[in-house]
Amino acid sequence: ANSSSRDTCDSVYRGVWHLNNSISYASTYSHPSTNYNTTNTSGKILDGRDFVRSNQQYISIPYDNDLDFGESITVSAWINVDNNGYDQKVFSNQNGKSSGGGYKLGMYTDRRVEFEIRTNGNTAILNRGVSGGTIISPNQWYYVTGVYSNSGDFICTYVNGDLDRTFNTEATAGLTGSGNPAIGRETTDDKYFFDGKIDELRVQRTVRDANWIKTEFNNQSSP
């Protein structure tokens with residue numbers, strides 16, 4: 001994926017993984033990661049990582065408060081699924097405890113992209129039940145983005161730069177305080193593994209609007 005240096009990413013980028021023949025982070029924030037058998041593969045931008053669900057492959061990231069925030073969240077990635085119809089996660093950050101907190105981007109059994117936050121009481125708030133949305137087909141690249149705004153009272157997803165589904169909520173995302181974020185599976189359990197390719201994963205402590213997301217899609221589509 002994009003080989004730009006860490007210096008090109010401003011401070012709102014709390015995690016950037018280009019996944020270009022490496023699981024190294026590319027933001028100014030340090031996130032040494034552990035690879036659980038994912039492999040290098042052709043990506044949307046140069047190389048990416050291949051995740052085989054049946055082999056329970058994923059990447060684990062140690063807890064870091066740089067990724068533990070709740071007021072403004074944008075998570076984006078390029079995905080290319082081998083098989084859909086599963087509940088599978090692209091990026092997950094929660095602690096699995098009753099204290100709750102966290103956020104995650106994934107795809108549900110209905111083959112639609114969803115974004116979820118957890119409150120301090122561990123209540124799941126997400127746009128799963130919103131009608132419409134793009135059906136994700138296997139063996140195609142999609143640029144998927146999840147956004148949460150505490151001040152704006154919404155959770156929404158975008159697919160290929162276009163607004164997909166919006167859920168209005170006054171719920172507040174809590175902080176996890178612990179737990180190991182994961183690329184390609186649920187943070188806390190050995191389940192919801194991703195099946196396919198992930199490239200250019202980015203976690204931002206900001207709310208990106210539709211124009212910004214569309215521009216990012218266009219830029220990354222033709223780098």
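Select Arg128, which counts as partly exposed at 27% relative accessibility (buried means under 20% relative accessible area, exposed over 50%, and partly exposed in between, with a 1.4 Å probe and protein chains only). This is a predicted model in which local features need pLDDT of at least 70 and side-chain atom pairs count only at pLDDT 80 or more, while totals for chains, interfaces and linings use all residues. Residues are numbered from 1 along each chain as its sequence is written, and side-chain values use heavy atoms, with hydrogens and water left out.

Arg128 lies in the loop between strand S10 (124-126) and strand S11 (142-149), and Glu114 in strand S9 (residues 113-118), so the pair ties together parts 14 residues apart in sequence (strands, E, at least two residues, and helices, H or I, at least four, are DSSP runs numbered from the N terminus). Glu114 is buried, at 2% relative accessible area.

Move to Lys104 in strand S8 (residues 102-107). Lys104 is buried, at 4% relative accessibility. Its side chain makes polar contacts with the side chains of Gln94 (2.7 Å) and Glu186 (2.8 Å); such a contact is a pair of N or O atoms within 3.5 Å, where within protein one must be able to donate a hydrogen and the other to accept it, and residues adjacent in sequence count only if both atoms are side-chain atoms.

Finally, select Arg202 and Glu216, joined by a salt bridge at 3.0 Å between the closest N and O atoms. Arg202 lies in strand S15 (residues 196-204) and Glu216 in helix H1 (residues 210-221).

Terms used
A salt bridge is a side-chain nitrogen of Lys or Arg within 4 Å of a carboxyl oxygen of Asp or Glu.
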